[in-house]
Amino acid sequence: MGSLRFPFSLPQPPKPPQRPALRQAMAAAAVGAGVGLAISIALEPGACASGRGRKAGSEASPVWATLSLVETLPPTTIVEPRSGTKFPSVVDDGRRLLGIGVRYWKRPKRKNNISYAYGVYADESDVKRLRKKYGTFSVSELKGNKELIDDVLDQDLRMTIRLQIVNRMLSTRYLNETFAKVVENELQKYGGSKSSNNKELLQRFNSIFMDEHKLLGNSIFYLSRERGYILRIRINGKEMGKIESNRICKPLLDLYVGKNAYDKQALQDIQSTLASILQERSD
């Protein structure tokens, strides 16, 4: 029997009652296709079994409650509260939601300045391969562990970044310029972007974003790293292209999972969930 935990706390939505429900949905989502699994649900920080809340400013740790499911549950959706964007709990044949965040395109950080919301997913079995190295670490030692994040970016782990457009003024050209810049900076580490091999990689990447029309609200991008370090890009369900190179995959994932992550709170959530996955044990 597996024990699945979602310890990260998502950003506080405008309506306080939604937060516990959000966490419960995340926990239930992990076993969307499972039967009779036990999952752990994070209660509101500082809450106790009696239902009493904590005092304002308290730093009490979350209390975990266990719920056993005896029937199959459908996949759930999780709402990113700042943008109202909904994310499925599972994508791409079982990749699990690690955290959700937003990308602002200018300051100040207001709702109408959000470019897009995003969710980060990972194949759980791939993440668990890292137990060989990190199995003896505690959750607190794993959270924010730079070496762990480096391994997630460097190793052949299947991951998906799901971007959902919020600002209707965005175009594929804007996204291409943003992504191409970080890819080009990464290629500089390997002989520069003007070397024949790297120049070809950059040209192939840019060719995927040839369509410069404005995107409809709620347009969805999938940036996925598939087995063999293959970058796969889909827009609104349409296959746009694939490129085999971690020199392309890594800098794009770094925008959401690494030190250059757009949303630092989302990064903390992602790191906490990765730590929890590595601590899960089968009976």
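Hi everyone, let's start with a pair of residues: V90 sits opposite R96 of β7. Before going on, a word on the source. This is a predicted model, where local features need pLDDT of at least 70 and side-chain atom pairs count only at pLDDT 80 or more, while totals for chains, interfaces and linings use all residues. Residues are numbered from 1 along each chain as its sequence is written, and side-chain values use heavy atoms, with hydrogens and water left out.

Now the overall picture. The protein chain has nine helices and 12 strands; these are DSSP runs numbered from the N terminus, helices being H or I with at least four residues and strands E with at least two. Of its 283 residues, 49% are buried, where buried means under 20% relative accessible area, exposed over 50%, and partly exposed in between, using a 1.4 Å probe and protein chains only.

Back to our opening pair. Strand β6, residues 90-91, pairs with β7 in the antiparallel sense over two bridges; strands pair if DSSP finds at least two bridges between them. Together β6 and β7 make a hairpin with three residues between them.

What is the phi of D92, in that turn? It is positive, about 50 degrees, and D92 is not a glycine. D93, in the loop between β6 and β7, also has a positive phi, of about 60 degrees, without being a glycine. How covered are these two? D92 counts as partly exposed because its relative accessibility is 21%, and D93 is exposed, with a relative accessible area of 83%.

β7 itself, residues 95-104, is mostly covered, with nine of its 10 residues buried. On to its other partner: β8, residues 114-122, runs antiparallel to β7 and is joined to it by eight bridges. There, I100 stands opposite G119 in β8.

How many cavities of 30 Å³ or more does a search of the whole structure find? One, and the largest cavity has a volume of about 40 Å³. A cavity here is a set of points, on a 1 Å grid over the protein atoms alone, where a 1.4 Å probe fits but cannot get out, and lining residues have an atom within 4 Å of a point. The volume is the space filled by probe spheres set on the points, which are joined across faces, edges and corners.

The lining is I161, L223, S224, R225, L231, C249, L252 and L253. The elements giving two or more residues to this lining are β10 (220-226) and α8 (246-257).

Methods: On a 1 Å grid over the protein atoms alone, a cavity is a set of points where a 1.4 Å probe fits but cannot get out, and a pocket is an open set with protein on both sides within 12 Å along at least five of seven lines; lining residues have an atom within 4 Å of a point.
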